Amino acid sequence: MTESETEPQAKSTNREELEQVVIRFAGDSGDGMQLTGGEFTRTSAVMGNDLATFPDFPAEIRAPAGTLPGVSAFQLRFSNFDIHTPGDHPDVLVAMNPAALKVHLRELKKDGILLLNTAKFRPADLKKAKYEQNPLEDGSLEGWRVIKVDLEKLTHEALAESPLDKRSKDRCKNMYALGILYWLFSRDMEPSLRYIETKFGKKLPEVAAANKRVLQSGFNYADISGIFQTAYKVAPATFMKPGRYRNIMGSQAMCLGLVAASKQSGLPIMLGSYPITPASEVLHQLSSYKHHGVVTFQAEDEIAAVCAAIGASYVGKIGITSTSGPGLALKAEAIGLAVMTELPLVVINVQRAGPSTGLPTKTEQADLLQAMFGRNGECPVVVLSATMPSDAFDISFEAVRIALKHMTPVILLSDGYIANGAEPWLIPNAADLPEINVEFATAPPEGEEFQPYARDPETLARPWALPGTPGLMHRIGGLEKQDGTGNISYDPDNHEHMVKTRAEKVARVANDIPPATTIGPESGDVLVLGWGSTRGAITGAVTRLQKAGHKVSGCSIQYLNPLPPNLESLMRSFDKVILPEMNMGQLSLLLRARFLIDIESFCKVQGQPFSSDEIEERVLASLAEVK
Amino acid sequence: MSSSGVSLNKKDYKSDQDVRWCPGCGDYGILNSVQAAFADMGKDPAKTLIISGIGCSSRFPYYMNTYGFHTIHGRAPALATGAKLANPDLDVWVVTGDGDGLSIGGNHLIHALRRNVGVKVLLFNNRIYGLTKGQYSPTSEQGKMTKSTPLGSVDFPFKPIALALGARASFVARSIDIMGKHLEEMLKRADEHEGTAFIEIYQNCNIFNDGAYASFTEKAVRPNRILEVEHGKPLIFGAERNQALRFTENLEPQIVKVGEGGVDAGDLLPWDVHNPNSALAMALANLDEAQFPVPIGVLRSISRQAYETGVTSQIAIAQERKTETLDELLTGGETWEVK
């Protein structure tokens with residue numbers, strides 16, 4: 001979308017050019033903040049900005065209205081340059097009620113814009129938010145650019161002619177706020193008008209008309225009322241690689257990667273899953289791909305879900321199961337069965353804050369050790385992790401490729417931050433995706449017995465022999481196998497040989513993965529190493545530190561078991577390695593044990609992602625210690 | 001003749017592995033009946049997949065020259081569901097026991113039954129944990145003295161076929177390890193059924209629970225103690241074939257003498273396995289075996305779409321309605337071009 005298409009609507013004010021803006025929408029979980037933020041995001045994506053988002057919502061679907069636990073927020077950052085995180089402190093806070101104000105005000109930048117819905121600042125609302133005095137009147141908002149708007153009154157005025165009832169009209173107020181911000185940041189309204197039409201147009205034409213009208217009214221109000229002296233614009237991002245882009249969320253990208261791998265291997269997907277926050281989106285998304293031959297099975301529990309996937313793998317499909325931490329715990333024994341029977345399997349774990357039920361909607365990276373070791377016996381699996389919404393596509397494709405080629409379960413980690421976050425994604429061409437070659441076992445020559453545990457000399461993978469193939473009848477199971485024949489064996493030497501063989505098979509995947517790469521030079525004072533969703537914050541921090549002249553590089557790994565073969569030498573090329581993790585230092589523990597490198601662990605376990613600031617400060621403190 | 005066109009006999013279904021159940025175990029008889037029935041039905045070993053959990057019964061796949069998967073405790077129905085969904089052409093059988101299928105795996109069993117997945121479930125019920133050396137099971141009678149219940153078990157037991165009926169199973173039958181011909185017949189009937197077929201097989205564990213069923217399986221008492229339920233026939237039993245089981249209006253069971261007290265064989269309700277109402281089958285399943293004859297045979301066989309058929313047809317319809325290349329899928333929604 002070009003600027004000229006939005007300009008004519010906003011005629012009366014200066015347009016100041018900004019490089020980036022961070023907006024946080026906050027309100028009741030019923031106020032539609034996720035949708036509002038999502039719409040701003042989609043529009044900004046279509047307008048060519050780089051962006052990153054952070055939805056932050058309560059676990060309760062509808063906590064009591066107006067209370068502090070019921071506050072739902074959506075933060076997005078859009079820019080004309082390359083960004084990696086949804087930003088540390090918002091420039092704009094939209095607070096739909098006092099509770100939202102109370103929870104989020106402290107993060108708003110000084111001098112930031114604070115858009116308040118005055119309709120919800122009645123004594124009862126203030127009480128619910130535990131305000132002793134009205135913040136609109138007690139001077140506590142000094143230092144911020146407060147814009148007071150009675151969103152409810154204005155929404156009702158806009159809908160004076162609408163046949164909708166009061167409640168339904170009330171529900172449109174988020175569109176009024178969105179309209180105001182569209183004007184403030186020179187957004188094109190067309191994408192949202194189209195979206196509203198597609199979403200409600202056919203079934204609820206009156207709702208569609210009302211939402212469109214309110215959006216438009218909000219925009220016009222901002223234009224005419226003079227509540228802002230200045231409006232802003234953010235030009236399209238210019239650094240981006242040429243090509244066609246779309247806005248994508250992590251779980252969405254992950255599912256597309258799986259379907260792409262299914263096409264490139266010629267094998268259908270069979271997903272076994274059980275609803276769990278924040279992984280259910282994977283089940284929903286794959287369930288909508290039936291036309292791509294995807295079978296989804298909502299099982300009776302987590303164990304049945306993984307077992308069904310293993311059953312599907314045994315008969316020649318891509319068996320996948322998706323879950324979050326507590327579900328992974330339940331699947332442990334079955335993953336062990338897939339290790340023992342050496343079948344391909346992809347286990348997606350969208351991590352959330354634990355232990356136990358923990359904080360279901362909040363993000364954490366504390367399942368790494370569970371993924372590595374959370375099973376009985378010596379039970380190695382490949383462990384991969386997405387690092388941002390846009391690379392979830394590549395890594396889920398990779399998970400399938402490795403599982404099929406190496407005949408092994410692969411645990412693919414994501415987390416709430418990646419799964420629900422959104423950013424622009426350079427859409428790959430199907431023609432450029434690699435083929436995944438799968439060869440099933442065929443009947444052995446006359447007179448020879450089929451050996452279900454014969455091994456590929458390079459990968460040590462066993463043959464994939466599908467039920468239905470004449471001449472290959474064989475039995476597999478969880479009891480220890482004799483190498484080659486696959487018969488049950490209690491022989492002590494064979495057991496040790498098999499334990500080592502299974503470990504070696506997974507270790508050899510290292511020959512089949514790319515080396516770790518750095519942000520910046522491959523040696524220096526400090527390496528900020530990370531895995532998973534800390535990548536954005538690390539990249540942001542390291543880029544700033546490098547601009548300030550520090551010899552600091554970053555590295556974010558997707559391959560956790562086996563590790564990239566060059567990781568050790570890379571770490572040794574720096575005086576210090578700092579490892580930020582949203583856990584108590586799990587990767588740090590693994591790397592210290594394996595390489596005897598004195599890694600500095602930097603932990604945050606608050607259910608919230610790292611900000612670039614936090615990492616930057618920590619690195620600076622560490623650099624100061626050295627000097 | 002098998003579907004592969006080769007005539008097979010019982011020994012073609014025997015694997016090269018030594019059978020390692022205790023001598024005298026009821027499992028031998030069941031294995032023999034399954035092999036005989038498979039030969040009669042001409043099953044193609046290459047298209048047959050036997051899936052089991054953990055326990056004595058679950059060693060079954062190792063002794064069959066078919067595809068086999070000896071999985072983990074209780075999970076066989078879940079594995080089998082995945083396998084059948086992924087390849088509905090396979091002939092999938094589940095072998096489980098009273099501990100495996102009703103205790104640790106109870107959840108998977110009931111859900112497979114309600115979904116009506118096209119797998120045949122053979123539940124060997126010996127009313128004891130054998131492989132772990134003799135603890136009471138969920139089908140052990142109350143008061144059972146075992147290693148884990150030295151003063152007798154307090155638990156009230158399941159009746160597996162009542163549980164299956166409660167889970168809305170479309171096919172429910174019972175047979176006994178030592179009644180080979182009857183068991184073979186049940187296996188064939190199960191094989192013909194679309195959807196989940198559940199067969200409870202009373203099986204004697206001669207080591208830890210010997211004689212669990214002797215009170216009605218001993219040759220001498222059998223005719224008076226076992227009621228062979230047959231479709232379209234009244235519930236008549238007894239060496240003289242002159243006793244009948246009937247139910248009052250309140251579904252209370254009664255034993256009556258045929259030809260006495262105004263009871264005529266023609267007046268007795270013929271058993272209908274297709275009855276959509278499962279109340280009578282439930283009443284039969286819940287009979288107190290101390291007071292009433294023990295019913296065996298097919299209790300229920302109703303027609304309902306198999307789960308995999310429904311799933312497969314949804315996929316086929318979706319594919320017919322919408323064709324989308326991978327590029328179209330990846331592009332989806334709103335996009336923009338960076339030059």
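**The interface between chains A and B**

B:Glu334 forms a salt bridge with A:Arg42, with 3.6 Å between the closest N and O atoms. The term stands for a side-chain nitrogen of Lys or Arg within 4 Å of a carboxyl oxygen of Asp or Glu. The count between chain B and chain A is 4 salt bridges.

This is a predicted model, where local features need pLDDT of at least 70, side-chain atom pairs count only at pLDDT 80 or more, and totals for chains, interfaces and linings use all residues. Residues are numbered from 1 along each chain as written, chains are lettered from A, and side-chain values use heavy atoms, without hydrogens and water.

Now the whole interface. In chain B, 55 residues are in contact (heavy atoms within 4.5 Å) with 75 residues of chain A. The buried area is about 5200 Å², and carbon and sulfur atoms give 63% of that. Buried area is the accessible area (1.4 Å probe) that two parts lose on being put together, summed over both. On the chain B side, B:Tyr67, B:Leu330 and B:Trp336 lose the most area to chain A, together 17% of what that side buries.

Strand 9 (residues 243–249) of chain A and strand 12 of chain B run antiparallel, joined by 4 bridges. Pairing requires at least two DSSP bridges between two strands. Strands here are DSSP runs (E, at least two residues), numbered from the N terminus. Within this pairing, A:Arg244 stands opposite B:Glu337 of strand 12.
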